[in-house]
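Subject: Handover of a structure and notes on what was found in it

Dear colleague,

I am handing over to you the structure shown below. Please look through it once, and then read the notes that follow alongside it.

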Amino acid sequence: MNYQGFFRSKLTRLRDEGNYREFAELERHRGQFPSATCHNGPGEVTIWCSNDYLGMGQSPKVLQAMHDALDRTGAGAGGTRNISGTTHDHVLLEGELADLHRKEAALLFTSGYVSNWAALGTLAASIPDCVVLSDALNHASMIEGIRHSRAQKVIWKHNDLVDLESKLAALPIDQPKLIAFESVYSMDGDIAPIKEICDLADRYNAMTYLDEVHAVGLYGPRGGGIAEREGLMDRLTVIEGTLGKAFGVMGGYIAASAEVCDFVRSFASGFIFTTALPPAIAAGAAASIRHLKNSDQERATQQQRVAEVRAKLDAIGLPHIDNPSHIIPVMVGDPIKCKFISDTLLKDYGIYIQPINYPTVPKGTERLRITPSPVHTQQDIDRLVTALEDLWSQCQLARQPLAAQ
């Protein structure tokens, strides 16, 4: 077999389909987000698709905490927590996370992907005869964790309570069950009916596993997520989150009972055999969480910016998914045009928005995923909307009927 030829042909096909991903080489500058330098593009750009939703990656409190920890402890954690020991900063961060979600304990991982893969995989594999009921639009990390567990899997239609109940009712009441779902779904921006899912879990003797990665820091009076906003944290068996989005640093975690966290700590290979986060990362994340527990300013300003962008898109008829979250999916519906718009925004307008194509979203639903932040200005918003309007006309894309004035 011609191995290099195989790789080359697959990459060529990906390019021809408009689904080849190119990386913009960005350099963020302290205190200047959402501005950055694009080293393989036009130079100065404005970022409109970052998951650093609140700009906390540039927070002076976070940076100072990381500088202090670096000077205090050095660079790395020294290895896995099992062998090299748990640093004091990891313990403090897990305490902050347990408090954030009103749980007995929390457990840190190196990323949100790893926390889902390790926790879901370990729980589903270890509980005898466990069935995992997985929402059809769950993240790849959840799917991989469930697949790795080799447990029985039942997929229920996205956010469809009737379908979920029918699948729960088809299982023996005493068979162990785990309902896995997200709060905010990152591509469409819709939100799960958490209370009703918990009601079904209680009725059918199931555990619940909620991924809040696109909600922690952003919703609830202390940034605990949608479950905190709706007063439901105590009804969830496991809450999973990330430190790499609204908290602005990196890492993942679960928050649950002391027994669940200890069980995952003791049996999950994705925890046991992975080098721990550097103490400076843990210290920065803890500082971010503490700040957002006590400040609602960032959340309120972000919600205002989201509303402003939506209103301006409506005013010019650009199609976007109407949802109750902070995520604005602007629908293009064609991979070639979606990539062209993204490339042209970067090259000609200095606006960075990565195209979202298959396999991240189904073919025919290609989109630009816009995430306004508190640090985007009115001038940033006006430039974005003007550029999109120009390119929509250039690509002869359909518009929505304008709302009556």
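Two strands are said to pair if DSSP finds at least two bridges between them. The model is a predicted one. With that term in place, the notes begin with the strands.

Strands around β10

Strands β4 and β10 pair in the antiparallel sense, and 5 bridges join them. Strand β10 covers residues 252–256, while β4 covers 105–109.

Is β10 enclosed by the rest of the structure or open? Because 5 of the 5 residues of β10 are buried, the strand is largely enclosed by the rest of the structure. Gly252, Ile254 and Ala256 point one way from β10, Tyr253 and Ala255 point the other way, and all are buried.

Strands of a sheet pair through backbone hydrogen bonds, in either a parallel or an antiparallel sense. An open sheet is formed by 4 strands in the order β1-β2-β3-β12, with mixed pairing. Its edge strands are β1 (26–28) and β12 (351–352), each of which pairs on one side only. Between β1 and β2 (residues 35–38) the pairing is antiparallel, over 3 bridges. Within this pairing, Glu27 stands opposite Thr37 in β2.

Helix α6

Helix α6 spans residues 140–149, and its buried residues are Ser141, Met142, Gly145, Ile146 and Ser149. Why do they line one face of the helix? Viewed down the axis of α6, the buried residues fall within an arc of 135°, so they line one face. The buried residues of α6 pack against α5 (112–126), β5 (131–135), β6 (152–156), β7 (177–182) and β8 (207–211). Just after α6 comes Arg150, which takes a positive phi of about 60°.

Helix α13 (residues 297–316) has 20 residues. From its first C-alpha to its last, α13 reaches 29 Å, close to the 28 Å expected at 1.5 Å a residue. Its buried residues include Glu298, Arg299, Thr301, Leu313 and Ile316. The buried residues of α13 pack against α12 (279–294), β11 (328–331) and α15. Just after α13, Gly317 takes a positive phi of about 75°.

Helix α15 (residues 378–394) contains Val385. Is Val385 buried or exposed? Its relative accessible area is 9%; because buried means under 20%, Val385 is buried. Leaving aside neighbours within four places in sequence, Val385 is in contact with Lys312 and Ile316. The C-alpha atoms of Val385 and Thr301 are separated by 19 Å, and these two residues are 84 residues apart along the chain.

Ser186

Ser186 is found in the loop between β7 and α8 (194–203). At 12% relative accessibility, Ser186 counts as buried. Which residues does Ser186 contact, leaving aside its neighbours within four places in sequence? They are His214, Ile327 and Arg369.

Empty space in the model

Rolling a probe the size of a water molecule over the atoms shows where empty space is left. The second largest pocket has a volume of about 340 Å³. It is lined by 20 residues, of which Glu22, Ala24, Asp343, Leu346 and Gln354 lie nearest its centre. Both α14 (335–349) and β13 (355–356) supply at least two residues of this pocket's lining. The largest share of that lining, 5 residues, comes from α14.

There are also 2 cavities of 30 Å³ or more. The largest cavity holds about 100 Å³ of space. Among the residues that line the largest cavity are Arg81, His90, Leu108, Phe109, Gly270 and Phe271. Strand β4 and helix α11 (269–272) each supply at least two residues of its lining.

A colleague

Technical notes: Residues are numbered from 1 along each chain as its sequence is written. This is a predicted model: local features need pLDDT of at least 70, side-chain atom pairs count only at pLDDT 80 or more; totals for chains, interfaces and linings use all residues. Side-chain values use heavy atoms; hydrogens and water are left out. Buried means under 20% relative accessible area, exposed over 50%, partly exposed in between (1.4 Å probe, protein chains only). Contact means heavy atoms within 4.5 Å. The arc is that of the directions from the helix axis to the C-beta atoms. The expected span of a helix is 1.5 Å times one less than its number of residues. On a 1 Å grid over the protein atoms alone, a cavity is a set of points where a 1.4 Å probe fits but cannot get out, and a pocket is an open set with protein on both sides within 12 Å along at least five of seven lines; lining residues have an atom within 4 Å of a point. Grid points are joined across faces, edges and corners, and a volume is the space filled by probe spheres set on the points.
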